[in-house]
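Good morning, and thank you for the time. I would ask you to keep the sequence and the structure in view while I speak.

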Amino acid sequence: MASADIKAVFFDVDGTLTSFVTHSVPQSTIDALHLLRERNVLIFICTGRAPSQFGVVADMMPVNFDGIVAANGQYCFDDQGFLDTQPIDTDDIAVVVDWLDRHPDVVASFSERDYVYFNQITATMEQTWRQLGKTAPTRYIDDPHTRPLTHETFQISPFVTAEQEAELTGLCRNVAGVRWHPDFTDMIPADGGK
């Protein structure tokens, strides 16, 4: 395929644009992104992060992206006005919250468009968060019993084993897990995804 045939390129954030070791974006990556822009190739972010969590990484890159595929594909937008969303069904959120109530040692994050919160903070979650270094977004704690009633939730990320993930997704009507880290899974609508 000739480079002229490439119209768009999609980049993940954690471990792709940012290093898990240095927690920064290498200058060579920034240069490559600028070169793609100069060649009229559209560049997009494609991440499990919520839109509100991308800012901490964007501040490290003097690059304008053409759009963002966020929350593992559940919240997509560009600067031209395109917007496509697929929130988790509130009945499935209630099932997850009930499961969390019965497993009080499990921490989970709930991703909305402009806000990501945890049901609690645990030592396991703290250790995982430290791995993100300076690219770790601010952590908030809120009530998953009430917020999903008034705010769309696009992704829930419980810190669970693969076995617990299978149990939890099996209880839901339309939820699948997307696991890229051994400590947690990103739960999204089963018919969604990047």
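This is a predicted model: local features need pLDDT of at least 70, side-chain atom pairs count only at pLDDT 80 or more; totals for chains, interfaces and linings use all residues.

Is N40 buried or exposed? N40 is exposed, as its relative accessible area is 67%. For these words I use a 1.4 Å probe and protein chains only: buried is under 20% relative accessible area, exposed is over 50%, and partly exposed lies in between.

Residues are numbered from 1 along each chain as its sequence is written, and side-chain values use heavy atoms, with hydrogens and water left out.

Let me return to N40. This residue lies in the loop between α1 and β2; helices (H or I, at least four residues) and strands (E, at least two) are DSSP runs, numbered from the N terminus. The phi of N40 is near 60°, a positive value in a residue other than glycine. Most residues other than glycine have a negative phi. A71 also has a positive phi, near 50°, and sits in the loop between β3 and β4, the latter being residues 75-78. A71, however, is buried, with a relative accessible area of 1%.

I turn now to the sheet. Five strands form an open sheet in the order β1-β2-β3-β4-β5, with mixed pairing; two strands pair if DSSP finds at least two bridges between them. The edges are held by β1 and β5 (83-85), each with a single partner strand, so one side of each has no neighbour in the sheet. From one strand to the next, the twist averages 15°; axes here are lines fitted to C-alpha atoms, for helices over the stretch in contact, and angles run from 0 to 180 degrees between N-to-C directions.

Strand β1, residues 8-11, runs parallel to β2 and is joined to it by four bridges. Within this pair, F11 has I45 of β2 as its bridge partner. The chain passes from β1 through α1 to β2 in a right-handed β-α-β crossover, meaning that, with the strands pointing away from the viewer, the path from the first strand over the helix to the second runs clockwise. By contrast, β3 and β4 run antiparallel, also with four bridges, and V69 stands opposite C76 in β4.

Which residues have the most contacts inside the largest nonpolar core? They are L17, L33, I45, F54, M61, V63 and F65, in a core of 18 residues. By nonpolar core I mean a set of buried Ala, Val, Leu, Ile, Met, Phe, Trp, Tyr and Cys residues joined through side-chain atoms within 4.5 Å. At least two residues of this core come from each of α1 (27-38), β2 (42-46) and β3 (67-70). A second, separate core has 17 residues, including V96, A108, F110 and C172.

Finally, consider Q53 and P137. Q53 lies in the loop between β2 and α2 (55-58) and is buried at 11% relative accessible area. P137, in the loop between α4 (123-130) and α5 (147-150), is likewise buried, at 11% relative accessibility. Leaving aside neighbours within four places in sequence, Q53 is in contact (heavy atoms within 4.5 Å) with V116, W129 and P137.
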